[in-house]
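Me: Could you walk me through this protein model with a few questions and answers?

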Amino acid sequence: MNPRLNQLQPYPFQRLRDLFAGVAPNPDLRAVNLSIGEPRHATPEFIKEALTANLQGLSSYPITQGSEDLREAISNWSRMRYGVDLDPANQILPVNGSREALFAFAQAVIDPSKHVKRVLAPNPFYQIYEGAALLAGAKPYFLNTLPENGFRCDFAAIPEDLWETVQLAYVCSPGNPTGRVMSLADWREVFDLADRHGFVIASDECYSEIYFHEGALAEGGAGAPRSGEATPESGAAPAAPQTVGSRASGGGPPLGALTAAKELGRDLHNLVVFNSLSKRSNVPGLRSGFVAGDAELIRQFLLYRTYHGSAMNPAVQAASVAAWRDEGHVQENRRQYREKFAAVMPILQGTLEFDAPDAAFYLWAKVPGADDTVFARELYREKHVTVLPGSYLAREAKGVNPGKGFIRIALVDGLEQCVEAAQQIVEFVETGTTH
Ligand SMILES: Cc1ncc(COP(=O)(O)O)c(C=O)c1O
(Lines give C-alpha, C1' and ligand atoms only; values in the text may rest on other atoms or scores of the structure.)
Protein backbone atom coordinates (compact mmCIF):
# COMPACT_ATOMS: atom_id res chain seq x y z
CA MET A 1 0.00 0.00 0.00
CA ASN A 2 0.96 3.62 -0.45
CA PRO A 3 2.90 4.53 2.70
CA ARG A 4 1.60 8.08 2.47
CA LEU A 5 -1.73 6.74 3.71
CA ASN A 6 -0.09 6.29 7.09
CA GLN A 7 0.41 10.04 7.31
CA LEU A 8 -3.34 10.70 7.28
CA GLN A 9 -4.74 11.74 10.64
CA PRO A 10 -8.00 10.42 12.06
CA TYR A 11 -10.83 12.65 10.90
CA PRO A 12 -12.11 15.07 13.62
CA PHE A 13 -15.44 13.27 13.88
CA GLN A 14 -13.68 9.98 14.51
CA ARG A 15 -11.72 11.69 17.26
CA LEU A 16 -14.96 13.05 18.66
CA ARG A 17 -16.48 9.56 18.73
CA ASP A 18 -13.37 8.34 20.56
CA LEU A 19 -13.60 11.25 23.00
CA PHE A 20 -17.23 10.40 23.77
CA ALA A 21 -16.66 6.64 24.04
CA GLY A 22 -18.09 5.38 27.32
CA VAL A 23 -19.64 8.75 28.17
CA ALA A 24 -23.35 8.56 28.96
CA PRO A 25 -25.08 11.81 28.01
CA ASN A 26 -27.67 13.24 30.36
CA PRO A 27 -30.81 11.16 29.59
CA ASP A 28 -33.15 13.94 30.77
CA LEU A 29 -32.11 16.25 27.95
CA ARG A 30 -32.65 15.80 24.26
CA ALA A 31 -29.60 15.54 22.04
CA VAL A 32 -28.54 18.61 20.09
CA ASN A 33 -25.65 18.04 17.71
CA LEU A 34 -23.88 21.18 16.54
CA SER A 35 -20.57 19.55 15.74
CA ILE A 36 -20.78 18.72 12.04
CA GLY A 37 -20.99 21.42 9.41
CA GLU A 38 -23.82 19.63 7.67
CA PRO A 39 -26.65 21.91 6.56
CA ARG A 40 -29.98 20.65 7.90
CA HIS A 41 -32.49 23.09 6.49
CA ALA A 42 -34.97 21.46 4.14
CA THR A 43 -33.87 20.75 0.58
CA PRO A 44 -36.11 22.86 -1.71
CA GLU A 45 -38.82 20.82 -3.43
CA PHE A 46 -38.00 22.18 -6.89
CA ILE A 47 -34.48 20.75 -6.66
CA LYS A 48 -35.81 17.31 -5.73
CA GLU A 49 -38.31 17.53 -8.56
CA ALA A 50 -35.61 18.46 -11.08
CA LEU A 51 -33.64 15.45 -9.89
CA THR A 52 -36.44 12.94 -10.27
CA ALA A 53 -37.68 14.47 -13.54
CA ASN A 54 -34.30 13.74 -15.09
CA LEU A 55 -33.72 10.15 -14.14
CA GLN A 56 -33.74 9.17 -17.80
CA GLY A 57 -30.21 10.57 -17.83
CA LEU A 58 -29.07 7.47 -15.95
CA SER A 59 -29.11 5.51 -19.17
CA SER A 60 -26.01 7.17 -20.55
CA TYR A 61 -22.48 7.91 -19.38
CA PRO A 62 -22.07 11.58 -18.53
CA ILE A 63 -19.04 13.44 -19.84
CA THR A 64 -16.51 14.62 -17.27
CA GLN A 65 -16.80 18.21 -18.43
CA GLY A 66 -20.50 18.20 -17.57
CA SER A 67 -23.40 19.41 -19.70
CA GLU A 68 -23.31 22.75 -21.48
CA ASP A 69 -26.49 23.63 -19.65
CA LEU A 70 -24.84 23.22 -16.29
CA ARG A 71 -21.67 25.09 -17.18
CA GLU A 72 -23.79 27.88 -18.58
CA ALA A 73 -25.94 28.03 -15.45
CA ILE A 74 -22.76 28.30 -13.36
CA SER A 75 -21.34 30.95 -15.67
CA ASN A 76 -24.55 33.00 -15.42
CA TRP A 77 -24.56 32.63 -11.67
CA SER A 78 -20.94 33.74 -11.45
CA ARG A 79 -21.72 36.81 -13.53
CA MET A 80 -24.66 37.70 -11.30
CA ARG A 81 -22.82 36.97 -8.06
CA TYR A 82 -19.24 37.92 -8.82
CA GLY A 83 -19.54 40.26 -11.77
CA VAL A 84 -17.15 38.15 -13.83
CA ASP A 85 -17.47 36.51 -17.23
CA LEU A 86 -16.35 32.91 -17.19
CA ASP A 87 -16.25 30.99 -20.43
CA PRO A 88 -18.40 27.87 -19.90
CA ALA A 89 -16.31 26.06 -22.53
CA ASN A 90 -12.99 26.25 -20.73
CA GLN A 91 -13.15 28.01 -17.38
CA ILE A 92 -15.73 25.96 -15.50
CA LEU A 93 -15.94 22.32 -14.45
CA PRO A 94 -18.70 20.71 -12.44
CA VAL A 95 -17.44 18.58 -9.54
CA ASN A 96 -19.08 16.10 -7.20
CA GLY A 97 -19.00 18.46 -4.24
CA SER A 98 -16.07 20.71 -3.47
CA ARG A 99 -14.50 18.16 -1.11
CA GLU A 100 -13.46 15.70 -3.77
CA ALA A 101 -12.34 18.53 -6.02
CA LEU A 102 -10.21 20.20 -3.33
CA PHE A 103 -8.55 16.85 -2.79
CA ALA A 104 -8.15 15.92 -6.44
CA PHE A 105 -6.83 19.32 -7.39
CA ALA A 106 -3.66 18.87 -5.34
CA GLN A 107 -3.06 15.52 -7.03
CA ALA A 108 -3.21 17.25 -10.39
CA VAL A 109 -1.18 20.32 -9.43
CA ILE A 110 1.74 19.05 -7.36
CA ASP A 111 4.89 18.46 -9.38
CA PRO A 112 6.45 15.30 -7.92
CA SER A 113 9.81 15.94 -9.55
CA LYS A 114 10.62 18.68 -7.04
CA HIS A 115 12.47 17.46 -3.99
CA VAL A 116 10.60 19.50 -1.40
CA LYS A 117 6.98 20.34 -2.15
CA ARG A 118 4.88 22.52 0.11
CA VAL A 119 1.21 23.32 0.30
CA LEU A 120 0.06 26.32 2.35
CA ALA A 121 -3.09 26.01 4.40
CA PRO A 122 -4.77 28.03 7.13
CA ASN A 123 -4.72 26.55 10.61
CA PRO A 124 -7.35 25.58 11.83
CA PHE A 125 -8.54 24.31 8.50
CA TYR A 126 -10.83 22.06 6.52
CA GLN A 127 -9.13 18.70 6.92
CA ILE A 128 -9.12 17.79 3.26
CA TYR A 129 -6.33 20.29 2.52
CA GLU A 130 -3.91 18.35 4.65
CA GLY A 131 -4.83 14.92 3.29
CA ALA A 132 -4.69 16.22 -0.26
CA ALA A 133 -1.20 17.63 0.28
CA LEU A 134 0.13 14.53 1.98
CA LEU A 135 -1.19 12.10 -0.60
CA ALA A 136 0.25 14.27 -3.35
CA GLY A 137 3.64 13.85 -1.69
CA ALA A 138 3.77 17.41 -0.41
CA LYS A 139 4.18 18.83 3.08
CA PRO A 140 1.48 21.06 4.45
CA TYR A 141 2.74 24.36 5.84
CA PHE A 142 0.22 25.76 8.26
CA LEU A 143 -0.52 29.42 8.83
CA ASN A 144 -2.03 29.96 12.25
CA THR A 145 -5.14 32.11 12.25
CA LEU A 146 -5.48 33.61 15.69
CA PRO A 147 -7.79 36.15 17.31
CA GLU A 148 -4.92 38.55 17.90
CA ASN A 149 -4.36 38.61 14.15
CA GLY A 150 -8.03 38.98 13.31
CA PHE A 151 -7.97 35.34 12.13
CA ARG A 152 -5.92 36.34 9.09
CA CYS A 153 -3.30 34.09 7.52
CA ASP A 154 -0.01 35.77 8.23
CA PHE A 155 1.69 35.25 4.86
CA ALA A 156 4.29 37.89 5.70
CA ALA A 157 5.67 35.63 8.43
CA ILE A 158 6.61 32.88 5.97
CA PRO A 159 10.40 32.62 5.72
CA GLU A 160 11.70 33.86 2.37
CA ASP A 161 13.56 30.65 1.53
CA LEU A 162 10.40 28.59 1.92
CA TRP A 163 8.59 30.23 -0.97
CA GLU A 164 10.48 28.40 -3.70
CA THR A 165 9.06 25.11 -2.40
CA VAL A 166 5.43 26.28 -2.32
CA GLN A 167 3.40 24.85 -5.18
CA LEU A 168 -0.14 25.33 -3.96
CA ALA A 169 -1.96 27.48 -1.39
CA TYR A 170 -5.41 26.70 -0.05
CA VAL A 171 -7.31 29.72 1.14
CA CYS A 172 -10.77 29.53 2.66
CA SER A 173 -13.08 32.52 2.66
CA PRO A 174 -15.53 32.63 4.37
CA GLY A 175 -13.35 30.60 6.68
CA ASN A 176 -14.25 27.36 8.33
CA PRO A 177 -14.21 27.51 11.35
CA THR A 178 -13.56 31.22 11.96
CA GLY A 179 -16.20 32.71 9.65
CA ARG A 180 -13.71 35.34 8.54
CA VAL A 181 -14.02 36.84 5.07
CA MET A 182 -10.89 37.92 3.21
CA SER A 183 -10.73 41.60 2.27
CA LEU A 184 -9.49 43.01 -1.01
CA ALA A 185 -6.19 43.82 0.70
CA ASP A 186 -5.87 40.17 1.77
CA TRP A 187 -6.49 39.06 -1.79
CA ARG A 188 -3.96 41.51 -3.13
CA GLU A 189 -1.35 40.05 -0.79
CA VAL A 190 -2.08 36.47 -1.89
CA PHE A 191 -2.12 37.38 -5.58
CA ASP A 192 1.16 39.30 -5.29
CA LEU A 193 2.82 36.36 -3.57
CA ALA A 194 1.48 33.87 -6.12
CA ASP A 195 2.70 36.06 -8.96
CA ARG A 196 6.11 36.47 -7.36
CA HIS A 197 6.63 32.83 -6.43
CA GLY A 198 4.59 31.01 -9.05
CA PHE A 199 2.28 28.91 -6.89
CA VAL A 200 -1.33 28.01 -7.56
CA ILE A 201 -4.17 29.40 -5.43
CA ALA A 202 -7.07 27.08 -4.56
CA SER A 203 -9.76 29.34 -3.16
CA ASP A 204 -12.35 27.40 -1.18
CA GLU A 205 -15.51 29.50 -1.15
CA CYS A 206 -18.12 26.91 -0.28
CA TYR A 207 -19.67 29.14 2.42
CA SER A 208 -19.84 32.18 0.15
CA GLU A 209 -23.64 32.28 0.12
CA ILE A 210 -24.15 32.04 3.87
CA TYR A 211 -23.95 35.70 4.82
CA PHE A 212 -26.03 37.95 6.97
CA HIS A 213 -27.17 41.03 5.09
CA GLU A 214 -28.82 40.80 1.71
CA GLY A 215 -26.82 43.04 -0.61
CA ALA A 216 -26.75 44.18 -4.17
CA LEU A 217 -25.20 41.66 -6.54
CA ALA A 218 -23.54 41.90 -9.95
CA GLU A 219 -22.04 45.03 -11.49
CA GLY A 220 -18.52 44.23 -10.51
CA GLY A 221 -19.71 41.61 -8.10
CA ALA A 222 -20.90 41.87 -4.61
CA GLY A 223 -18.94 41.84 -1.50
CA ALA A 224 -16.59 43.13 0.98
CA PRO A 225 -14.88 45.55 1.61
CA ARG A 226 -15.08 47.78 -1.39
CA SER A 227 -12.33 50.21 -0.60
CA GLY A 228 -9.48 48.02 -1.70
CA GLU A 229 -7.46 49.16 1.21
CA ALA A 230 -6.47 47.20 4.19
CA THR A 231 -8.85 46.54 6.98
CA PRO A 232 -6.33 45.78 9.66
CA GLU A 233 -9.00 45.91 12.25
CA SER A 234 -11.12 43.50 10.30
CA GLY A 235 -10.92 40.75 12.84
CA ALA A 236 -11.15 42.88 15.91
CA ALA A 237 -14.06 42.29 18.18
CA PRO A 238 -16.63 45.01 17.75
CA ALA A 239 -18.16 46.66 20.78
CA ALA A 240 -20.91 44.65 22.42
CA PRO A 241 -23.55 43.74 21.54
CA GLN A 242 -22.03 41.93 18.62
CA THR A 243 -23.89 41.49 15.41
CA VAL A 244 -23.06 39.03 12.71
CA GLY A 245 -21.16 40.37 9.79
CA SER A 246 -19.84 43.40 11.58
CA ARG A 247 -16.23 42.76 10.57
CA ALA A 248 -14.63 42.89 7.14
CA SER A 249 -17.53 42.10 4.88
CA GLY A 250 -20.08 44.30 6.54
CA GLY A 251 -22.05 41.11 6.54
CA GLY A 252 -22.98 41.40 2.88
CA PRO A 253 -22.07 38.97 0.11
CA PRO A 254 -18.43 38.02 0.69
CA LEU A 255 -15.87 39.19 -1.77
CA GLY A 256 -14.64 36.17 -3.70
CA ALA A 257 -11.32 35.60 -5.43
CA LEU A 258 -12.81 36.15 -8.89
CA THR A 259 -14.22 39.55 -8.04
CA ALA A 260 -11.06 40.50 -6.17
CA ALA A 261 -8.94 39.61 -9.19
CA LYS A 262 -11.18 41.68 -11.42
CA GLU A 263 -11.08 44.66 -9.09
CA LEU A 264 -7.32 44.46 -8.86
CA GLY A 265 -6.95 44.23 -12.62
CA ARG A 266 -5.38 40.78 -12.37
CA ASP A 267 -6.17 37.91 -14.69
CA LEU A 268 -7.04 34.44 -13.42
CA HIS A 269 -3.58 32.99 -13.94
CA ASN A 270 -2.85 30.31 -11.30
CA LEU A 271 -6.21 30.92 -9.63
CA VAL A 272 -9.04 28.44 -9.23
CA VAL A 273 -12.12 28.83 -7.03
CA PHE A 274 -14.20 26.04 -5.56
CA ASN A 275 -17.86 26.45 -4.76
CA SER A 276 -20.71 24.16 -3.93
CA LEU A 277 -24.46 23.80 -3.69
CA SER A 278 -24.21 21.89 -0.42
CA LYS A 279 -24.49 24.84 1.96
CA ARG A 280 -26.09 27.31 -0.43
CA SER A 281 -28.99 25.12 -1.41
CA ASN A 282 -29.13 22.63 1.48
CA VAL A 283 -28.20 19.67 -0.68
CA PRO A 284 -25.12 18.13 0.94
CA GLY A 285 -26.21 14.73 -0.33
CA LEU A 286 -26.48 15.87 -3.94
CA ARG A 287 -22.71 16.18 -4.22
CA SER A 288 -22.58 19.10 -6.57
CA GLY A 289 -20.19 21.98 -6.92
CA PHE A 290 -17.84 23.55 -9.40
CA VAL A 291 -14.33 24.76 -9.96
CA ALA A 292 -13.67 27.83 -12.07
CA GLY A 293 -10.81 30.05 -13.07
CA ASP A 294 -7.54 29.73 -14.97
CA ALA A 295 -8.40 28.00 -18.27
CA GLU A 296 -5.07 26.19 -18.44
CA LEU A 297 -5.46 24.75 -14.95
CA ILE A 298 -9.04 23.77 -15.72
CA ARG A 299 -7.87 22.03 -18.91
CA GLN A 300 -5.30 19.97 -17.02
CA PHE A 301 -7.69 19.28 -14.17
CA LEU A 302 -10.26 18.01 -16.68
CA LEU A 303 -7.66 15.65 -18.08
CA TYR A 304 -6.90 14.40 -14.57
CA ARG A 305 -10.61 13.96 -13.80
CA THR A 306 -11.24 12.06 -17.01
CA TYR A 307 -8.86 9.38 -15.82
CA HIS A 308 -9.96 9.61 -12.23
CA GLY A 309 -13.53 9.02 -13.37
CA SER A 310 -15.40 11.79 -11.63
CA ALA A 311 -18.17 12.78 -14.01
CA MET A 312 -21.39 14.05 -12.44
CA ASN A 313 -24.59 11.99 -12.58
CA PRO A 314 -26.85 13.54 -15.28
CA ALA A 315 -29.87 13.79 -12.97
CA VAL A 316 -27.68 15.59 -10.42
CA GLN A 317 -26.53 17.91 -13.19
CA ALA A 318 -30.13 18.77 -14.04
CA ALA A 319 -31.00 19.38 -10.39
CA SER A 320 -27.90 21.56 -10.10
CA VAL A 321 -28.95 23.68 -13.07
CA ALA A 322 -32.25 24.34 -11.32
CA ALA A 323 -30.47 25.21 -8.06
CA TRP A 324 -27.93 27.62 -9.60
CA ARG A 325 -30.73 29.41 -11.44
CA ASP A 326 -32.67 30.26 -8.31
CA GLU A 327 -31.78 32.73 -5.58
CA GLY A 328 -35.08 32.79 -3.68
CA HIS A 329 -34.37 29.62 -1.77
CA VAL A 330 -30.88 30.86 -0.91
CA GLN A 331 -32.30 34.05 0.58
CA GLU A 332 -34.68 31.99 2.68
CA ASN A 333 -31.75 29.83 3.76
CA ARG A 334 -29.83 32.92 4.87
CA ARG A 335 -32.88 34.21 6.71
CA GLN A 336 -32.93 31.06 8.81
CA TYR A 337 -29.24 31.34 9.71
CA ARG A 338 -29.63 35.04 10.46
CA GLU A 339 -32.47 34.27 12.83
CA LYS A 340 -30.39 31.66 14.63
CA PHE A 341 -27.34 33.88 15.04
CA ALA A 342 -29.55 36.73 16.28
CA ALA A 343 -31.05 34.44 18.90
CA VAL A 344 -27.96 32.50 19.95
CA MET A 345 -25.23 35.15 20.13
CA PRO A 346 -26.83 37.26 22.88
CA ILE A 347 -27.32 34.12 24.97
CA LEU A 348 -23.68 33.08 24.69
CA GLN A 349 -22.20 36.53 25.05
CA GLY A 350 -20.49 36.94 28.37
CA THR A 351 -20.19 33.18 28.75
CA LEU A 352 -17.99 32.29 25.81
CA GLU A 353 -15.57 34.61 24.08
CA PHE A 354 -16.14 34.93 20.34
CA ASP A 355 -16.09 37.36 17.46
CA ALA A 356 -19.28 37.59 15.45
CA PRO A 357 -18.52 35.87 12.15
CA ASP A 358 -18.51 37.73 8.84
CA ALA A 359 -20.24 34.81 7.15
CA ALA A 360 -20.76 31.00 7.23
CA PHE A 361 -22.72 29.20 9.94
CA TYR A 362 -20.17 28.68 12.71
CA LEU A 363 -19.39 30.28 16.02
CA TRP A 364 -15.72 29.87 16.82
CA ALA A 365 -15.66 30.40 20.55
CA LYS A 366 -13.05 30.38 23.26
CA VAL A 367 -14.04 28.26 26.22
CA PRO A 368 -13.25 28.90 29.86
CA GLY A 369 -10.58 26.61 31.18
CA ALA A 370 -8.76 26.40 27.86
CA ASP A 371 -9.18 22.63 27.43
CA ASP A 372 -11.55 22.31 24.53
CA THR A 373 -11.68 18.51 24.58
CA VAL A 374 -12.65 18.32 28.26
CA PHE A 375 -15.17 21.09 27.69
CA ALA A 376 -16.77 19.25 24.75
CA ARG A 377 -16.83 15.93 26.54
CA GLU A 378 -18.32 17.23 29.76
CA LEU A 379 -20.83 19.39 27.89
CA TYR A 380 -21.96 16.25 26.11
CA ARG A 381 -22.15 14.33 29.38
CA GLU A 382 -24.00 16.94 31.35
CA LYS A 383 -26.10 18.69 28.72
CA HIS A 384 -26.31 16.29 25.75
CA VAL A 385 -24.99 19.04 23.47
CA THR A 386 -22.32 18.14 20.94
CA VAL A 387 -19.78 20.68 19.73
CA LEU A 388 -16.43 20.12 18.07
CA PRO A 389 -13.20 20.72 20.01
CA GLY A 390 -11.21 23.32 18.10
CA SER A 391 -7.92 21.51 18.57
CA TYR A 392 -9.26 18.69 16.37
CA LEU A 393 -9.44 21.12 13.45
CA ALA A 394 -5.88 22.39 13.78
CA ARG A 395 -2.31 21.17 13.96
CA GLU A 396 0.49 22.37 16.11
CA ALA A 397 2.50 24.99 14.25
CA LYS A 398 5.04 27.42 15.66
CA GLY A 399 4.65 25.68 18.98
CA VAL A 400 0.90 26.20 19.33
CA ASN A 401 -2.28 24.48 18.32
CA PRO A 402 -4.35 27.54 17.33
CA GLY A 403 -7.58 25.59 17.81
CA LYS A 404 -6.78 24.75 21.39
CA GLY A 405 -9.16 26.35 23.83
CA PHE A 406 -11.80 26.87 21.13
CA ILE A 407 -14.94 25.02 20.19
CA ARG A 408 -16.77 25.16 16.88
CA ILE A 409 -20.52 25.49 17.18
CA ALA A 410 -22.31 24.85 13.89
CA LEU A 411 -25.73 26.50 13.93
CA VAL A 412 -27.16 23.86 11.66
CA ASP A 413 -30.02 22.50 13.73
CA GLY A 414 -33.40 24.22 14.08
CA LEU A 415 -33.77 27.58 15.82
CA GLU A 416 -35.32 26.02 18.91
CA GLN A 417 -32.56 23.43 19.24
CA CYS A 418 -29.81 26.02 18.73
CA VAL A 419 -31.31 28.28 21.38
CA GLU A 420 -31.72 25.37 23.75
CA ALA A 421 -28.12 24.31 23.19
CA ALA A 422 -26.90 27.86 23.84
CA GLN A 423 -28.84 27.97 27.10
CA GLN A 424 -27.43 24.63 28.12
CA ILE A 425 -23.91 25.84 27.37
CA VAL A 426 -24.46 28.89 29.60
CA GLU A 427 -25.82 26.73 32.41
CA PHE A 428 -22.96 24.29 31.96
CA VAL A 429 -20.34 27.04 32.22
CA GLU A 430 -22.04 28.72 35.17
CA THR A 431 -22.43 25.59 37.22
CA GLY A 432 -19.48 23.61 35.90
CA THR A 433 -16.84 22.15 38.11
CA THR A 434 -14.71 20.37 35.53
CA HIS A 435 -13.72 23.38 33.49
C1 LIG B 1 -14.34 24.69 4.19
C2 LIG B 1 -15.05 23.60 3.48
N3 LIG B 1 -14.75 23.37 2.20
C4 LIG B 1 -15.36 22.40 1.50
C5 LIG B 1 -16.33 21.61 2.08
C6 LIG B 1 -16.93 20.51 1.24
O7 LIG B 1 -18.26 20.70 0.95
P8 LIG B 1 -18.95 19.93 -0.25
O9 LIG B 1 -18.07 18.78 -0.63
O10 LIG B 1 -20.24 19.49 0.28
O11 LIG B 1 -19.05 20.92 -1.36
C12 LIG B 1 -16.69 21.81 3.40
C13 LIG B 1 -17.72 20.95 4.03
O14 LIG B 1 -18.04 21.01 5.17
C15 LIG B 1 -16.04 22.84 4.13
O16 LIG B 1 -16.33 23.09 5.40
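Predicted model: local features only at pLDDT ≥ 70, side-chain atom pairs only at ≥ 80, totals over all residues.

Reply: The face of α13 turned away from its buried side carries the exposed residues Glu416, Glu430 and Thr431. Residues are numbered from 1 along each chain as its sequence is written.

Me: Which residues of α13 are buried?

Reply: Helices (H or I, at least four residues) and strands (E, at least two) are DSSP runs, numbered from the N terminus. Helix α13 covers residues 415–431. Its buried residues are Cys418, Ala421, Ala422, Ile425 and Phe428.

Me: Why do they lie on the same side of α13?

Reply: The residues in question are Cys418, Ala421, Ala422, Ile425 and Phe428, which are buried. They sit on the same side of α13 because the arc they cover around the axis, taken from the directions from the helix axis to the C-beta atoms, is only 125 degrees.

Me: What do the buried residues of α13 pack against?

Reply: Contact here means that two residues have C-beta atoms, placed from the backbone, within 7 Å. The buried residues of α13 pack against β1 (32–33), α11 (328–348), α12 (372–383) and β11 (385–386).

Me: What share of the 435 residues in the protein is buried?

Reply: The protein has 13 helices and 13 strands. Of its 435 residues, the buried share is 51%.

Note on methods:
Buried ≥ 20, exposed ≤ 12 C-beta atoms within 10 Å, placed from the backbone. Expected span 1.5 Å × (residues − 1).
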